Amino acid sequence: MIEDELIKIWQSSSNQERVKFEKSKLMIELQSSLKRLDKWWNYIELSETILAVFGILVCLLLLFKIPFALTKTAIGLIMICAIYLIIKYRSIKKFKPSDLEKNYLNYLKKNREYIQAQKKFLKSYFYWGILPVYPIILLFTISVWGKVPIYLIILINVATIGIGVYGYFLNKKRVKKEINPRISGIKELINQLEQ
């Protein structure tokens, strides 16, 4: 009964009212989607920061326990990479728009810029997540060659390669499933609002 009345109201409304309704529906859906994305991004940033801090603490412990100079150099470089990772994740926050923008269109444009910064960050994982780490692991391998069992060296190198490959494909999946749909939604809404 109520559905029939709503359908009649909908059919009797003008096209202009329907367009306004569609825009507001799209705005609500997009806002909800952006909030989920922000929670998701905060979770990723927090977990990566915790892992980096844990890695730094382990490296500090190893730095004082391992007597080899070349190994200490490799461990120091790993710590620098972990600190760089924390700074890199935090630098994305500068693009985050505030809820108090001048108007909704400006808010959407700043959100698009923020999400595109996240996309660029995740897509460039090879340059900040793999490229700096592999030479350091090679240096570490050279420094412990003959001093530790070969299976341990193989395990460390396979784990490093595995984590790098997993991170690369995980970030590609994140961009495809989380980032790109939101950018498309924002572009669609911006186009509708600018008409």
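1. Helix α4 (residues 104-123) packs against helix α7 (residues 150-194) at an angle of about 160 degrees, and their axes lie 10 Å apart. Axes are lines fitted to C-alpha atoms, for helices over the stretch in contact, with angles from 0 to 180 degrees between N-to-C directions. The angle makes α4 roughly antiparallel to α7, a term for angles over 145 degrees. The contact of α4 with α7 comprises twelve nonpolar, five polar and eight charged residues. In these classes Ala, Val, Leu, Ile, Met, Phe, Trp, Tyr, Cys and Pro are nonpolar, Asp, Glu, Lys and Arg are charged, and the others, Gly among them, are polar.

2. The model is predicted: local features need pLDDT of at least 70, side-chain atom pairs count only at pLDDT 80 or more, and totals for chains, interfaces and linings use all residues. Residues are numbered from 1 along each chain as its sequence is written, and side-chain values use heavy atoms, with hydrogens and water left out.

3. The protein has seven helices and zero strands, in the sequence pattern α-α-α-α-α-α-α. Helices (H or I, at least four residues) and strands (E, at least two) are DSSP runs numbered from the N terminus.

4. The length of α4 agrees with expectation, because its 20 residues should span 28 Å at 1.5 Å a residue and its end C-alpha atoms are 28 Å apart. The expected span is 1.5 Å times one less than the number of residues.

5. The buried residues of α4 are Y107, L108, N111, Y114, I115, A117, Q118, F121 and L122. Buried means under 20% relative accessible area (1.4 Å probe, protein chains only). Across the protein, buried residues make up 31% of the 195 residues.

6. Helix α6 (residues 133-144) packs against α7 at an angle of about 175 degrees, with axes 10 Å apart; α6 and α7 are therefore roughly antiparallel to each other. From α6, V133, Y134, I137, F140, T141 and V144 meet I153, I156, N157, T160, I161, G164 and V165 of α7. By class, this contact has nine nonpolar, four polar and no charged residues.

7. G129 belongs to helix α5 (residues 125-130) and counts as buried because its relative accessibility is 17%. Between G129 and A82 there are 47 residues of sequence separation and a C-alpha to C-alpha distance of 9.7 Å.

8. Of the contacts (heavy atoms within 4.5 Å) between residues at least 6 apart in sequence, 75% join residues at least 24 apart.

How values were computed: Angles under 35 degrees count as roughly parallel, over 145 as roughly antiparallel, 65 to 115 as roughly perpendicular and the rest as oblique. Buried means under 20% relative accessible area, exposed over 50%, partly exposed in between (1.4 Å probe, protein chains only).
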